[in-house]
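Please look over the chain shown here. The report below takes up a helix pair, then a single helix, then the chain overall.

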Amino acid sequence: MDSLYIDSLPKDILEEIGLPIMAFHPVTSELVFANAAARAAMGNPLNINYSCFSHITNGTTASCPAYMSVPLGIPNRDKFDFDVRKLLGEGESGTIVYLNIKGFNAVNHEIGFNNANQVLKDIATHFRDNLPIQNAVYYNKNDKFLFILKDSAMDEKEEAVKGFLSALISSFDQGWSLQGMNFPLASDVAFINFPEYGATVSELIDNVSSAIFLTKNGNLKNTIIEFDSTLREKLITHSEIVWSLTKAIGEGCHEFDVYFQPIVDTTTFKWIGCEALVRWNSEDLGFMLPKKFLSVAEDCNLIGPLSSYVLTKAMSQIEELELPKDNNFLLSCNISPDHLRTMDMIDDLHSIIQSTGFNSKNLVLEIGDLSDALKGSSIVKRNIHRLNELGCIVALDDFAIESLELYDFTDQKGMFKIGKSIIQNLDDDFNDTFLTTVTDLADALDIVICAKAVEDQHQLDKVLSHNIKLAQGYFFHKALEFSDFKAKFEAQR
């Protein structure tokens, strides 16, 4: 079926068309009942075809999808594509803004898809009615929006775009509410100038949406990035990582390996545990450290299967040490904030523990700073509580003090991990005092402390002066492939 531009047909011909037609008005930007058949069907909207409608121009017929996101009441991606093509064809210039809402998955989980749609509609209405300077807002998909700022509508472009972006991200300062519940949200925003960085719609969207990946992080903080020539070079590498990572995980994670860094007793130097660290020996890109690809895995929703693979392999290999059943040898693994807020994370972990036979009381799960991303998240709190029910030890990695609210210290086994920024700067009075405060808190709560990134004797002496019992770092040993780790462990056992 074809589509109709209501300004391209004489009104009498339009009224004679028997198909109920909904059209996007080119002047008012409203979805309207374009003919008598549509108005007659208003009482039964199921009779109206919202996906496509007839279009006749100069005796020819052309295909075109409907231009409205009916649930949100704003134009959709198809209308955006049409408008950008029209602007490019007319030699217009301007700025495209791409917005990704952070934290919206938690809204879906908390109140269900239908109610979450109402929150999304409220946001769309706010964008449409309250943002400065003349703009066009479009719903892209999921929790993503697009905006077009035409240069012809701005007197001072740089200041106008800056003001628009500021107003855009401030829309999330107070969160969004529904039915008495407030949901903390934030935004990743990327913007691109056209036609400078794209001569077609697809090129512009590919560039600006790829730029979004470079803004993403694990917390609820607004970020803005501009696509320019420097970013273009970075994105070439980023795109290669996305493609290779997707392929590697899709093919069973065989390119990934798990390394083990010893955790030692600071008084005896005996290995009492280890931290599992993933490494990627990419067939396409070579050897890759985690900082190069873990954030990409999170952005591409690949962190779940990768984490499950690492947990499974790490537990299976530690089982190969053939330790006594009542051993206390710790295995520490990192858990991504994105993974922690998924509904099935605990069930997956439970299955891995059962399949490997690993003793869950020896499993330490390191969690970074969740304060921004997960404030008020019942899913995260529930998952942390269920980790404790499984018998696991939950560790605050780099001691994210704001994340203490997620703990129930009355029945939770815990660990504080003190990171590099503190351990390697303990000659600073503030850091030394901070560590004293943390160790006092840990003693009061009966929580173990492990010092990370200890690299020399001086740092170890400082750690010992705070009576910290566990440590890891290059001073003791670097991370090892399992075969080397097993041999050295057996030698000092």
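## The α12/α14 crossing

In this predicted model, helices α12 and α14 cross with right-handed geometry. Helix α12 spans residues 345-356, and helix α14 spans residues 378-389. Their axes come within 10 Å. The crossing angle is roughly 20 degrees. Angles under 35 degrees count as roughly parallel, so α12 is roughly parallel to α14.

Which residues meet across this pair? From α12 come Met345, Ile346, Asp347 and Leu349. From α14 come Asn383, Arg386 and Leu387.

## Helix α5

Helix α5 covers residues 113-130, with 18 residues. From first C-alpha to last, α5 reaches 25 Å. That is close to the 26 Å expected at 1.5 Å a residue.

Where do the buried residues of α5 sit around the axis? The residues concerned are Ala116, Val119, Leu120, Ile123, Ala124 and Phe127. They cover an arc of only 140 degrees around the axis, so they lie on the same side of α5.

## The chain as a whole

The secondary structure comes to 18 helices and 23 strands. The chain has 493 residues, and 50% of them count as buried.

Key. Residues numbered from 1 in each chain as written. Predicted model: local features only at pLDDT ≥ 70, side-chain atom pairs only at ≥ 80, totals over all residues. Heavy atoms only, no water. Helix = DSSP H or I, 4+ residues; strand = E, 2+ residues; numbered from the N terminus. Expected span 1.5 Å × (residues − 1). Buried < 20%, exposed > 50% of the residue type's maximum accessible area, 1.4 Å probe, protein only. Arc of directions from axis to C-beta. Axes fitted to C-alpha atoms, helices over the stretch in contact; angles between N-to-C directions. Parallel < 35°, antiparallel > 145°, perpendicular 65-115°, else oblique. Left-handed = near helix turned anticlockwise from the far one by under 90°. Contact = heavy atoms within 4.5 Å.
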